Amino acid sequence: MQDQIESAIRAGLRILTFTDHLDLDYPYDRCPDLKDGAFDLDIPAAYSSFSALKEMYAGRIELHFGIEMGLLPYLGPTYEEILAEHPEIEFVIGSTHLSSMPADGGEIYADPYYLSFFENMTVEEALRRYFRFSLECVERCGFFDSYGHLDYIVRYTPDKGLTYKYEDYADVIDPILRLLAERGTALELNTSSLRKGCMEPNPCRKILRRFKELGGKMITVGSDAHRTNEIAADFGEAERALRDCGYDSYYVFRNRVPVEMRL
Ligand SMILES: [Zn+2]
């Protein structure tokens, strides 16, 4: 955590929010590179480390304690309970990291991060399935402040999103955007795809524009850094994308209250 703060200060950030993962019911049995419980954040331990650093860095950078919660349609009430127990959490990203898949006459959840997700489907079928599942998650879970990396799956398609066009999935993506706009939920602009060989952030510019057209107002910006040197990566590109799409500000959350920051 301290290395990440130092890296953020070097990158010129004035505000940094930590959003470590809590992905309940993540299918570890199908993810050989992950140890069981890798995304089960120990909130009290994380907050204790955070608090010590917040004190140490007071006056040098504004630090916030957030969380990224991995959505499944039935997990809303469980996550709401966790948030009620932890008022120290200042910012909540809700993200669809999994998608349902047919298997053995039933359904399983799988992460499109793994190429095996695409094995028995065309890219189009995989994307459609993921977006439908994302819509179901957003319909049934409304507790989060910002929806994480919509079109996340595009980073992991075998062609790195080359053939992906928002228009082909607008019938499923627009209802997601409409719901977020109606609820006053923010949409996250996530720059991770740019360092994974994609041309666009998640979501792509067309979705950022469409969100605004449908009444969406707030964008939060994240680098999805899983390594210290990825903190604030491609934030210049994020700013360009926001300006291209007609935004002149982005938002940060303090104690779950959105604060507008001019570009
Ligand atoms: Zn994520």
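Predicted model: local features only at pLDDT ≥ 70, side-chain atom pairs only at ≥ 80, totals over all residues.
**The largest pocket**

The largest pocket holds about 1100 Å³ of space. It is lined by 42 residues, and those closest to its centre are Leu16, Thr17, Val221, Gly222 and Ser223. Two or more lining residues come from each of strand E1 (15-22), strand E3 (91-95), strand E7, strand E8 (219-222), helix H7 (235-244) and strand E9 (249-254). Of these elements, E1 gives the largest share of the lining, with seven residues.

**Glu188 in strand E7**

Strand E7, one of the elements that contribute to the pocket lining, spans residues 186-190 and includes Glu188. Although Glu188 is buried, it has no salt bridge, and the nearest side chain of opposite charge, that of Arg155, lies 6.0 Å away. That distance is beyond the cut-off, because a salt bridge requires a side-chain nitrogen of Lys or Arg within 4 Å of a carboxyl oxygen of Asp or Glu. The side chain of Glu188 does, however, reach the backbone nitrogen of His149 at 2.8 Å. Leaving aside residues up to four places away in sequence, Glu188 touches Ile93, Ser146, Tyr147, Gly148, His149, Asn202, Pro203, Thr220 and Gly222, and Gly222 is also among the residues closest to the centre of the largest pocket.

**Salt bridges**

The model contains 19 salt bridges, and three of them are set out below.

| Salt bridge | Closest N and O atoms |
|---|---|
| Arg210 and Asp174 | 3.0 Å |
| Glu237 and Arg240 | 3.1 Å |
| Glu239 and Arg243 | 3.0 Å |

Arg210 lies in helix H6 (residues 205-213) and Asp174 in helix H5, so this pair ties together parts that are 36 residues apart in sequence. Both Arg210 and Asp174 are buried.

The other two pairs lie within helix H7: Glu237 and Arg240 are three residues apart and therefore separated by about one helical turn, while Glu239 and Arg243, being four residues apart, are likewise separated by about one helical turn. Glu239 counts as partly exposed because its relative accessibility is 33%, and Arg243, at 45% relative accessibility, also counts as partly exposed. Salt bridges with shared partners join Glu200, Arg205, Glu237, Arg240 and Asp244 into one network.

**Ala170 in helix H5**

Helix H5, which holds Asp174, covers residues 170-183 and includes Ala170. Ala170 counts as buried because its relative accessibility is 17%, which falls under the 20% limit for that class. Its C-alpha atom is separated by 20 Å from that of Met218, a residue 48 positions away along the chain.

Methods. Residues numbered from 1 in each chain as written. Heavy atoms only, no water. Buried < 20%, exposed > 50% of the residue type's maximum accessible area, 1.4 Å probe, protein only. Lys, Arg positive; Asp, Glu negative; His and termini not counted. Polar contact = N/O pair within 3.5 Å; in protein donor to acceptor, adjacent residues only side chain to side chain. Contact = heavy atoms within 4.5 Å. 1 Å grid on protein atoms, 1.4 Å probe; cavity = no way out; pocket = protein on both sides within 12 Å on 5 of 7 lines; lining within 4 Å. Points joined across faces, edges and corners; volume = space filled by probe spheres on them.
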